[in-house]
Amino acid sequence: MAAPHGLAYADSEREANVAAGALGEAAQRFGLHFGRVPVGALILSTSLDPTAAQDFARAHGLEYAQVWLPTRAKRSMTERAMRQAGMDRARINQALSRAAEQDAVTLRHEVGHAMYRAIYFPDTEGSLQDRYGTPAPDWLDEAAAILMEQPEAQARHLASFMDAAKHRPRTIPGLIDFVEAEHPVRSAALARALARGPRSESGVQMMVTTGNGFAGLDSFYGQSLLMALFLAETSGDPRILMPISSAIAGGATFEQWLASDGGRHGLPGGLLALQSLWDSWLQVQVMNPDRGANAEGGT
């Protein structure tokens, strides 16, 4: 199925419509934050090899191909993963009842990752053992995807972070540490959990957590989103991630970009000064959430 910003494929017309909707919604938001929208393909399949999908994309002049699970297959794999984790039927049913809503969020999120890679790191290859995503800092890679999500989903990420900041402040890294931190998904415990989860032939793997999950995982998403919103609000530029990403794609670090270009964008020239602004800004978000950041407006 053709969509304004690419192609949507699935085994059924209903699933293809779901994919086309996610592709269009993600493209609209990507344009708001990053300007140009790459043209690609979103393919819902349990068997298509991602390498074959990328070869197809290149052969047809597309900039990326993102393979993800059809709704029914994801539901089945989620149930298997929860059973393997020893969860009871009531909890499984509760999770499955939210599956349709979460599928829409996940599709937009994964397309965001694919679009970001296509624009700034088109030749990037590698596995989770090498790094989380692109050569960009993990918070930036994640922020680009979360910005594609629906406002309700973004609000849940922010709420998780706010809860941790209020009740477990020592678990929240300062800005200087955070901008260099690895995504928690690369922790040894989480990697072991991923290795145990069911995996489709197309390479998508399911994982569920029990108890309190994995340290720092929930708050990392919220902090990544807040970092993007903080930079947009402080600079006054809703597309501030564009020059930052371009510089990093060119080989600079975030700190080097601040030193060379931060001042032109209304930001300090170093991480220490940015940390001070972040601490003050974050205090407003945590203590006065009603005055907090608005992801839809980019500030």
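Guide: Begin with helix length: the expected span of a helix is 1.5 Å times one less than its number of residues. The model here is a predicted one. Its helix α10, residues 217–235, has 19 residues and reaches 28 Å from its first C-alpha to its last, close to the 27 Å expected.

Visitor: How many of the residues of α10 are buried?

Guide: A residue counts as buried under 20% relative accessible area. By that cut-off 15 of the 19 residues of α10 are buried, and the helix is mostly covered. Just after α10 comes Gly 236, with a positive phi of about 75 degrees.

Visitor: What about the protein chain as a whole?

Guide: The chain holds 13 helices and four strands. Of its 299 residues, 48% count as buried. Its accessible surface comes to about 14200 Å², and carbon and sulfur atoms account for 49% of that. For contacts between residues at least 6 apart in sequence, 69% join residues at least 24 apart.

Visitor: How do I read a sheet, and in what order do the strands lie here?

Guide: Strands of a sheet pair through backbone hydrogen bonds, either parallel or antiparallel. In this model four strands form an open sheet in the order β1-β2-β3-β4, with mixed pairing. The edge strands, each pairing on one side only, are β1 (2–3) and β4 (64–68).

Visitor: Which helices pack on that sheet?

Guide: Helix α1, residues 13–34, packs on the sheet and touches β1, β2 (6–9), β3 and β4. The direction of α1 makes about 140 degrees with that of β3. Helix α2, residues 50–59, also packs on the sheet, touching β2, β3 and β4, and its direction makes about 145 degrees with that of β4.

Visitor: In what sense does β3 pair with β4, and over how many bridges?

Guide: Strand β3, residues 40–44, pairs with β4 in the parallel sense over five bridges. Ile 43 stands opposite Val 67 in β4. Strands β2 and β3 also run parallel, joined by four bridges, and Tyr 9 has Ile 43 in β3 as its bridge partner.

Visitor: Are the faces of β3 covered or open?

Guide: In a regular strand the side chains alternate between the two faces of the sheet. For β3 both faces are covered: Gly 40, Leu 42 and Leu 44 are buried on one side, Ala 41 and Ile 43 on the other.

Visitor: How would I read burial along a helix, say α4?

Guide: Look down the axis and ask where the buried residues point. In α4, residues 89–97, the buried residues are Ile 92, Ala 95 and Leu 96. Seen down the axis of α4, these fall within an arc of 95 degrees, so they line one face of the helix. The face turned away from the buried side carries the exposed residues Ala 90 and Ser 97.

Visitor: Why does Asp 103 count as buried?

Guide: Its relative accessibility is 10%, and buried means under 20%. Asp 103 is found in helix α5, residues 99–120. Leaving aside neighbours within four places in sequence, Asp 103 is in contact with Thr 71 and Lys 74.

Visitor: And a residue in a loop: what is Glu 182 in contact with?

Guide: Glu 182 lies in the loop between α8 (175–178) and α9 (188–196). Apart from neighbours within four places in sequence, Glu 182 is in contact with Asp 138 and Phe 220. Glu 182 and Phe 220 are 38 residues apart along the chain, and their C-alpha atoms are separated by 9.8 Å.

Key:
Residues numbered from 1 in each chain as written. Predicted model: local features only at pLDDT ≥ 70, side-chain atom pairs only at ≥ 80, totals over all residues. Heavy atoms only, no water. Buried < 20%, exposed > 50% of the residue type's maximum accessible area, 1.4 Å probe, protein only. Helix = DSSP H or I, 4+ residues; strand = E, 2+ residues; numbered from the N terminus. Arc of directions from axis to C-beta. Contact = heavy atoms within 4.5 Å. Areas by Shrake-Rupley, 256 points an atom, 1.4 Å probe, with all protein chains shown as cover. Pairing = 2+ DSSP bridges. Axes fitted to C-alpha atoms, helices over the stretch in contact; angles between N-to-C directions.
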